[in-house]
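Here's a quick briefing to read alongside the model. Have the viewer open as you go through the points.

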Amino acid sequence: MNIYLRQCALLCLYILSPFNAVNAAPPEFQLEIRDHLFLPDAIRIPADQKVKLVVYNRDPTPEEFESYELNREKVIMGNSKAIIFIGPLKPGEYPFFGEFNPTTALGKVIAE
Amino acid sequence: MLLSSVILVLREVLEAALLFSLLMALSVRLRISLRWVLVALVAGTLGAAICGFNIDRISELYDGVGQEVLNAALQFGIFLLLCGVGVTAVLRVRGFAVPLQLLPVLMAMCVALAITREGSEIMIYLSGFLQIGDQWAAVLTGSVIGAGIGVSVGAVFYFAMLTLQPRLAAVVGAGLISLIAAGMTLQATELLIQADWLPADYPLWDSSAILSEQSVAGQLLYALVGYEATPTALQLAVYLAAVLAILGAAALAACWRSADRVQP
């Protein structure tokens, strides 16, 4: 009986595990904007998984996080942060830039 | 700095300008007074200022994705209004007794929402440089040039639409309104994916090697038909459903029989 119960419990866990995987909060990665530069300018994230990117803008001026490759676009006001969900991504490099300072604010996401 | 400003402002202005020109051309064809244009400009600028100056508060809503939700709502609103414009225009052409002010009101609301969306971003951009002050002249010059190019492209498009044969203009106009409207839903879907409100997925294809979204043609197609180099299945499905919905609504209006019909 005990073994039967345990098997039942394991089966339930097994069935529910995909839902747990979906409901689990995606891993978080942080990025900073300082003097119109992204720090770090390359951020490594796991491939094939949705991740939560938190971008802190330490400059007093607004910036827009933009990436054609990631299909993302978001204004981040001065001295504030923004949350951007990205992925799942195939392994590779995905450049992004600050649209308000596109000559200096350059970076890339490396999915691996 | 000058060139960055030109490009940024041009990109924002272009989208609203093409929609604006298309609806203005439709107005002229239907002999509707263009007074709504002024109303739309004023309302849109006000809307852009309100959104732009409250963006920090808006961004914090819904656990930090308020910006995405607001922009998606604006774009979905434009889609619905364009559906309304399409149906009303068809009924009017067929001689139904639709309220005279309905079409210009719908068009004004549509353009006002588009200006709110694109204009708020320009205002945020400019406000950043107002704080620093040293690059102000270059940024302002660049913005004026960018806006000028955007408006000029819109003007060329407007006159091109007016020189077309009436039948061809109706087909091209209806097609473009449908595709612009569908493009809005595609962008709204993308924003809600970014906010994690809709499920994320791998893109279905990647056509950026053939036509980059960053190229001039890519930008124009983005503004006109919602071109997206790496759409997900959900985005494509929403886009196609939107095209079917607006064309279906217009087709229904074209076939509608009613006692309300007056002699054309």
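A:F38 and A:F65 are both buried, where buried means under 20% relative accessible area, exposed over 50% and partly exposed in between (1.4 Å probe, protein chains only). Bear in mind that this is a predicted model, in which local features need pLDDT of at least 70, side-chain atom pairs count only at pLDDT 80 or more, and totals for chains, interfaces and linings use all residues. Residues are numbered from 1 along each chain as its sequence is written, chains are lettered from A and ligands numbered from 1 in the order in which they are written, and side-chain values use heavy atoms, with hydrogens and water left out.

**Aromatic pairs**

- Over all chains there are 10 aromatic pairs; rings of Phe, Tyr and Trp (its six-membered ring) pair if their centres lie within 6.5 Å, with planes under 30 degrees apart counted as stacked, over 60 as edge-to-face and the rest as tilted.
- A:F38 and A:F65 have ring centres 6.1 Å apart and planes at 80°, so they sit edge-to-face.
- That pair ties together distant parts of the chain, since A:F38 is in strand 2 (residues 37-39) and A:F65 in strand 5 (residues 63-67) of chain A, 27 residues apart. Helices (H or I, at least four residues) and strands (E, at least two) are DSSP runs, numbered from the N terminus.
- Ring pairs join A:F38, A:F65 and A:F96 into a cluster.
- Over in chain B, the rings of B:Y158 and B:F159 are also edge-to-face, with centres 5.0 Å apart and planes at 70°. B:Y158 is buried at 12% relative accessible area, while B:F159 is exposed at 52%.

**Helix 2 of chain B**

- The 19 residues of helix 2 (residues 35-53) should span 27 Å at 1.5 Å a residue, and the end C-alpha atoms are 28 Å apart, which agrees; the expected span is 1.5 Å times one less than the number of residues.
- Its buried residues are B:W36, B:V37, B:A40, B:G44, B:G47, B:A48, B:C51 and B:G52.
- Cover for the buried residues includes helix 1 (2-29), helix 3 (55-64), helix 4 (66-93) and helix 5 (102-132) of chain B.

**Nonpolar cores**

- The largest nonpolar core has 46 residues, of which B:L19, B:L23, B:L26, B:W36, B:L82 and B:M107 touch the most other members. A core is a set of buried Ala, Val, Leu, Ile, Met, Phe, Trp, Tyr and Cys residues joined through side-chain atoms within 4.5 Å.
- Helix 1 of chain B gives this core its largest share, 10 residues.
- Another core, of 22 residues, lies apart from it and includes A:F29, A:F38, A:I43 and A:L89.

**Where the chains meet**

- Chain A puts 26 residues into the contact and chain B 34, with contact meaning heavy atoms within 4.5 Å.
- Chain A and chain B bury about 2,600 Å² between them, 50% of it on carbon and sulfur atoms; buried area is the accessible area (1.4 Å probe) that two parts lose on being put together, summed over both.
- In chain A, A:Y68, A:N71 and A:F100 lose the most area to chain B, together 25% of what that side buries.

- The A:L39 to A:P40 peptide bond is cis, with omega near -5°.
- The A:G87 to A:P88 bond is cis too, with omega near 5°.
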